[in-house]
Each structure stands twice: as structure tokens, then as C-alpha cells.
Amino acid sequence: MSKSPKPRNPLSVLADDPQGRSLGLELPPGSLIDRPGRRGWWKEPRPLLWVSDEAVGSGALAAHRTPALAAAGLQAVLLQGRRGLERWWQEREFSPERMSDPDDHHVEPVLREFWSAVVPDPEEGAEGEELIAPFGRDWPGLAEAGPEGGADPDAVACGLADGLIASGFLPSPRLALVPAGRAADVPAAMGWCGPTNHETDTALISTVLRSWEDRFGARVVALGFDELHVSVAAPPRTVAHALPVAAEHFAFSPDNVWQGSGSIRAYADEAVTGSNHWGFWWD
């Protein structure tokens, strides 16, 4: 299992360099979100993230998702506002001390356990069987990697961010910088509690996201109070390939199927095949 670097307090430079010029950036006005005394899997107190004071527009993620920023141990993402929760991050909806280290987990047993917790009981009969068809109650295993030779994952991530902003899908998004060695680790590094009704240890969420990064060129683009938006550079191109991916999505975020397409088969067709945007929510 690959180890991700645990950078030393990379946000500290912004205290004396608020525009991030030493990192090759021109940051808008923003604030450090701190949790004094909190300790996560980095084993030392530190600011959790930096967030822009105002909403950003198209191009913001591309302008700040740079190799220099990644080399400094920071990942740029968007935080999604929502009516009534426009600034949920200021309410400190984070619990990094509750999260384990993603390095301590492997994707296969994580998804297998998620699957076993959400597949319908046998008593549900034909309706339950139809929901998870063509699979049975046993975990179907990991999907094959996406096709080779896809687009650049970071370019796809920035393009998706611009599309979501331009369409109004991400209302009043804020730019955020999060100390993490890779984009998949952002939820765990923040101590994000969005999936808490499904899983309270967000390190397991990051474990799955790491695997999707490796297999499908996925990148975390935006997080909301209980939503996650991921770009996909190499999505499945056929429904046959998309079906086991849809099974992974159902295990990862069952509301996508329960409150969305209604079955894994329909979800694979509608939301996975050829899609460069995987969105998840936890009710």
C-alpha cells in the first residue's frame, strides 16, 4: 500500500504571507480555520485549512491547483455553500481527531464492509434483488481500472469545477487549501463529517478515493456539508464496465441509488458510464 507524505504545518506560511506568493500563488483575501489543540493523523496541532473570504468564479481552481502548491503539501479544492449552510466550515464541522490514517486501510475490505451494511435483507424479496441486480448479496469485488490514455486528471478536475460554477450547481463556492499529500486525502485531513450518517471515520472515505484516483484518474473537486464532487479522467465507457463501479458507488454512498436512480443497473447507465463527474451525498 502506498504511503502518502505527511507535510509539516504547510499552512503556517500563510500567516506571514497571506497571498501565498512564496508558493507561487496570488490568493484572494482569506482566513485560516484553526482548531487549537486538535491532533489528527499528522500527530501535531496545526491550522486545518485556509478558506477564501468571498466566493470564487470559474478559473479559480485552475489558478491555484499548481505543482508548487502540491509540493508544499497543500491541495486546492472548493467548499460548496448551501442555503442555510452557506458557511458550514466556519461552524467548525470538522473532527480530525476522530479520523484514523488512510494508510492503515485497504480499499477492498473497506468497500466489502460498506457493501454488507447496505445490501437489502433477503426479506425484501424481488424488490431488493432488483435494486442490486445483476449482483447478489455477496460483495462483487473491485471494478477494473478505467481505459488507458485518458485526459489529464487535474485538467479534468479544473474543467469540472468551472462547469459546476458556471451552471450554478456550486452556489457561492469558496476556494480552500487543505494540508494533504494527495487530493483523495482531503476529507480525512479536514476531519470532514459529511458522510457521518454512513461512516464516521472519513479516513475510510479517503481510502476509496485513493483507489479511484489510481484506477480512474479521479480527483476531489468540491465538498459541501454532506456532499462530495469528484472529477473522473478515465470513466468506464460501457455499461458492462460501469456496473461494478456502480456497485462500489452504492457501497460508498447508498443514497445515490436509494434516493436517486433506484437500482444499481439504472445508476450505472445514468451516472457512471462515460461520466466525468461523480457526485455523492449522505442524507
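The following conversation discusses a predicted model of a protein chain.

Reader: Changing topic: how many aromatic pairs does the structure hold?

Author: The structure holds 13 aromatic pairs. One of them joins Trp192 and Trp282, with 5.9 Å from centre to centre and 80° between the planes, and this pair is edge-to-face.

Reader: Where in the chain do Trp192 and Trp282 sit?

Author: Trp192 is in the loop between α7 (186–190) and α8 (202–216), while Trp282 is in the segment after β7 (277–281). The two are 90 residues apart, and the pair links distant parts of the chain.

Reader: And is Trp192 buried or exposed?

Author: Trp192 has a relative accessible area of 1%, so it counts as buried. Trp282 is buried as well, because its relative accessible area is 2%.

Reader: What about the rings of Phe216 and Trp278?

Author: The ring centres of Phe216 and Trp278 are 5.5 Å apart, and the planes meet at 65°; the pair is therefore edge-to-face. This pair also links distant parts of the chain, since Phe216 belongs to helix α8 and Trp278 to strand β7, 62 residues apart. Both Phe216 and Trp278 are buried.

Reader: Which residues do the ring pairs link into a cluster?

Author: The cluster is made up of Trp192, Trp212, Phe216, Phe252, Trp278, Phe280 and Trp282.

Reader: Phe252 is new to me. Which helix has it among its buried residues?

Author: That is helix α9, whose buried residues include Phe252, Phe250, His249 and Glu248. Of the 14 residues of α9, 12 are buried, so the helix is largely enclosed by the rest of the structure.

Reader: How far apart are the end C-alpha atoms of α9?

Author: They are 19 Å apart. For the 14 residues of α9 (residues 239–252), a span of 20 Å should result at 1.5 Å a residue, so the two values agree.

Reader: Which residues touch the most other members in the largest nonpolar core?

Author: Those are Leu49, Trp115, Met190 and Leu228, in a core of 57 residues. Helix α9 gives the largest share of this core, with 8 residues.

Reader: What does Leu228 touch?

Author: Leaving aside residues up to four places away in sequence, Leu228 touches several residues, including Trp192, Phe252, Trp278, Phe280 and Trp282.

Reader: Which helix lists Ala161 as buried?

Author: Helix α6 does, and its buried residues also include Val156, Cys158, Leu164 and Ile165. The buried residues of α6 pack against α2 (60–64), β3 (74–79), β5 (218–223), β6 (227–232) and β7. Helix α6 has 14 residues and reaches 20 Å from its first C-alpha to its last, close to the 20 Å expected.

Reader: What can you tell me about Leu164?

Author: Leu164 lies in helix α6 (residues 153–166) and is buried, because its relative accessible area is 6%. Not counting residues up to four places away in sequence, Leu164 touches Phe169, Leu170, His229 and His277. Leu164 and Ala222 are 58 residues apart in sequence, yet 9.6 Å apart in space, C-alpha to C-alpha.

Reader: And what happens just after α6?

Author: There, Gly168 takes a positive phi of about 85°.

Reader: Last topic: how many disulfides are there?

Author: The count is 0 disulfides. As background, a disulfide is a covalent bond between the sulfur atoms of two cysteines.

Reader: Is Cys193 buried or exposed?

Author: Cys193 has 18% relative accessibility; the cut-off for buried is under 20%, so Cys193 counts as buried. Cys158 is buried too, with a relative accessible area of 12%.

Definitions and conventions. Residues are numbered from 1 along each chain as its sequence is written. This is a predicted model: local features need pLDDT of at least 70, side-chain atom pairs count only at pLDDT 80 or more; totals for chains, interfaces and linings use all residues. Side-chain values use heavy atoms; hydrogens and water are left out. Rings of Phe, Tyr and Trp (its six-membered ring) pair if their centres lie within 6.5 Å; planes under 30 degrees apart count as stacked, over 60 as edge-to-face and the rest as tilted. Helices (H or I, at least four residues) and strands (E, at least two) are DSSP runs, numbered from the N terminus. Buried means under 20% relative accessible area, exposed over 50%, partly exposed in between (1.4 Å probe, protein chains only). The expected span of a helix is 1.5 Å times one less than its number of residues. A disulfide is a pair of cysteine sulfur atoms within 2.5 Å. A nonpolar core is a set of buried Ala, Val, Leu, Ile, Met, Phe, Trp, Tyr and Cys residues joined through side-chain atoms within 4.5 Å. Contact means heavy atoms within 4.5 Å.
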